[in-house]
Amino acid sequence: METGQFVQQLAKRDGASDGSVLRANVGRITVTRAASQAFFRVLKEDFGFDHCSLISAVDNQTGFELVYHFSIIDMEGQMLEVHVELPRDTPTIDSITHLWGGADWHEREAYDLMGIYFIGHPDLKRVLLPDGFAGHPLRKDYVYEIHEEEW
Amino acid sequence: MSRQQVHGNPRLRKGLGSRTSDSATVMEDPPSGDWLTLRSDQFLKWVDEAVYNVAEKTGIRDVVNRVTRPIFNWGLRYSPWPLHFGIMCCALEMGAAGGPDHDTERMGVVYRSSPRQCDVLIVNGPVCEKLRPKLKTLYEQMADPKWVIAMGECAIGGGPYWDSYSVVAGADTFIPVDVYIPGCPVRPEALMHGFLTLQKKIREQEPGYFLRR
Amino acid sequence: MAEMWIHMGPQHPMTHGLWNLRIKVDGETITDAEPELGYLHRSVEKIGERRKYFMNTTLTDRLCYASAMTWTHCYCLTAEELMGVEVPPRAKYIRTVVLELQRIASHLMWLASYLPDLGLITGFLYGMRDREMFLNLLEIPSGGRLLYNYVKIGGVKRDLPPGFDAKAERVMQTLERRLKEYEDLYDNSKIFRMRTDDVGCYSASDAINWGITGPNLRSAGVPFDLRQADSYDAYPELDFTPVTTSAGNGRSDCFSRYRQRIDEMYQSMDLVRQALVKMPEGKVMAGSVPVRARGEAFRRTEDSRGEALMYLIGDGTDRPYRWKIRSPMFTTVSAAPHFLKGYKVADVPAIMGSIDMCIGETDK
């Protein structure tokens, strides 16, 4: 299937918007948080995106944004970038670990470094930082001691 | 008599740990005089009294030390066994130094995987907050005499991660460092030079080891 | 029998890096495992936000020190996508050459660290000896032995010197001769086969679900190679098909992962030869590279260990607003409990060594 076609099909679904093609074989789409779980299920089961490449959490100051990169393991290498906006005060979203096993540690890392809570994750705890570390350091408002001089 | 007084020797006391102090309160003291039947802590006390104090008072210790010092020193100098412990980039260069091209084994540098068998701890990368307690434990597990080589910029002062929230500003903030090797990464030749510097340091600074406290 | 947890790491000859594998054993059989990372978490993503775009190549070089060139290249590719920089054709070919040379060096490093775990200390000596040849080769254009800082945003730092292809050819011929020796030595070694055959098996479908990529996935018979699937640089103009191996029935075991990396070294040498022949003349750096960037971009490349993906967001200043790194080993090691279960404690070095851990990229 062409990238433009399936992005159009996906953009018609509930909660999905802004379907566009970034470059050859790479699409981009925005999904609301409420519709995300059903959207991801369709992505996995009907469109065959069997590989969860990356989950990036972005701190937009006003809120958080999760950027999922999914791809298909074949020689065409179709790829889809899914953006989900999260409010600042309740950064929670349903986990996709039951769909893609590889998303497990990406979600743990997003929790560890950015403080996003994934509901339904089997073992949501810190992965890179030691237990008992205060705060989530990749947030923009995280303050830590650094040297004064600016490069 | 408290435990502090029993063991004048701090090195030995460190090795005994807390388990013996529990058993010391439970077990009865064997009859004195027969040193073969003594428990380990009592034996150390006996050695202190019977051997160390006598050797110290009579001056025998100094004499033997002066005679054996070059031998001990020679042995230490040419067998600085480092711990097989890799942190980051410099660990690969440490491996390359041990490889066939550079072959540090000809200088007596034999990598051992247990800290109990090692003399040298090579800190070859940035020490993160999560690693610091483990590295300190590794250092404490090594038997005396021991030396530390800070290999590369990260171990010296944080290197390219100087402004990171999780990297300690240098290994010397929590363990004593003997040799600093700059470089990012340190070339194998520089590591060999570091070992030669360490040999020089051992030759000049190390006292004898006969009944050393 | 009573079960207990054993810690293997952070200081353990098995780990090849700085991580901790906790395994739960029932007698000698592994019933559960839990990898623990973070001992080398340098917060590259955070301090990258404080550096300018072109400064970050220092950090990406040190992401995976066994494969520095590929990670810097992935970053530069992403930054070029973000800034809209067009790389000159000659620079693309030079990148392809150095990337493949780096891949060989990385696989040789893996060989040198894996075989001593299985009792073949010869493997360490031979692997390190051959790796030195490739490090010397990469030192010629870049000036660095281990970390190169050679690939820049917009091209490469400097041109290949005259006579480079002859030197590369000589080194590759030597390696080809020696790889045949190694195949005789290791493939026919009874001990090596006993420790690797049918050990650490996983199926292709499981591997895809767990997010395993790169040689570890191709060793299960899946022909997925980002050099073709999401092609970059000069790879579209080169003639190659992804090499795959399999332990039968779409499964991967330690031996097929070993074979996969040996075969990839042959393929990389072929690619280097093709790229050196086809290399056009011209500039090696784009005319102008912007300092500031706005927007977002991501690119993925075939790293020596799997799929490397970088995601950059620029907010119009000269520093990235957000920089996210996907490390292939991060997901692969998260699947370790699945393919460790059921094997013996003595198999742990064989299994965890065979997936080619590199903790620098994993902990970021």
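1. Basis of the remarks. Residues are numbered from 1 along each chain as its sequence is written, while chains are lettered from A and ligands numbered from 1 in the order in which they are written. Because the model is predicted, local features need pLDDT of at least 70 and side-chain atom pairs count only at pLDDT 80 or more, whereas totals for chains, interfaces and linings use all residues.

2. Confidence in chain A. The average pLDDT (the predictor's confidence in each residue, from 0 to 100) of chain A is 84, and 95% of the residues score at least 70. Over residues 147–151 of chain A, pLDDT stays under 50, and the model has 3 contacts beyond four places in sequence for this stretch. Two residues are in contact if their C-beta atoms, placed from the backbone, lie within 7 Å. Where pLDDT is low, the predicted coordinates should not be read in detail.

3. The sheet of chain A. Five strands form an open, mixed sheet in the order β1-β2-β5-β4-β3 (chain A). Helices (H or I, at least four residues) and strands (E, at least two) are DSSP runs, numbered from the N terminus; two strands pair if DSSP finds at least two bridges between them. At the edges stand β1 (16–23) and β3 (51–59) of chain A, each with a single partner strand, so one side of each lacks a neighbour in the sheet. Neighbouring strands are turned by 20° against each other on average, direction ignored. Axes are lines fitted to C-alpha atoms, for helices over the stretch in contact, and angles run from 0 to 180 degrees between N-to-C directions.

4. Pairing and packing in chain A. Strand β2 (residues 26–31) of chain A runs parallel to β5 (residues 79–87) of chain A, and 6 bridges join them. A:G27 has A:L80 as its bridge partner in β5(A). Helix α3 (residues 103–114) of chain A packs on this sheet, where it touches β3 and β4 (63–71) of chain A, and its direction makes about 10° with that of β3(A).

5. The sheet of chain C. Here 3 strands form an open antiparallel sheet in the order β8-β9-β10 (chain C), with β8 (294–302) and β10 (320–326) of chain C as edge strands. The twist averages 10° from one strand to the next. Between β8(C) and β9 (residues 307–315) of chain C there are 9 bridges; C:R300 has C:L309 as its bridge partner in β9(C). Helix α3 (residues 68–83) of chain C lies across β8 and β9 of chain C, at about 145° to β8(C).

6. Chain B and its enclosed helix. Chain B has 9 helices and 3 strands, and 32% of its 213 residues count as buried (20 or more other C-beta atoms within 10 Å of its own; exposed if 12 or fewer, partly exposed in between; C-beta atoms placed from the backbone). In helix α6 (residues 89–98) of chain B, 10 of the 10 residues are buried, so the helix is largely enclosed by the rest of the structure. Its cover includes β1 (120–123), β2 (147–151) and α9 (188–205) of chain B together with α4 (89–114) and α5 (121–142) of chain C.

7. Contact between chains A and B. Here 5 residues of chain A are in contact with 5 residues of chain B. The chain A side divides into 4 nonpolar, 1 polar and no charged residues. Ala, Val, Leu, Ile, Met, Phe, Trp, Tyr, Cys and Pro count as nonpolar, Asp, Glu, Lys and Arg as charged, and the others, Gly among them, as polar.
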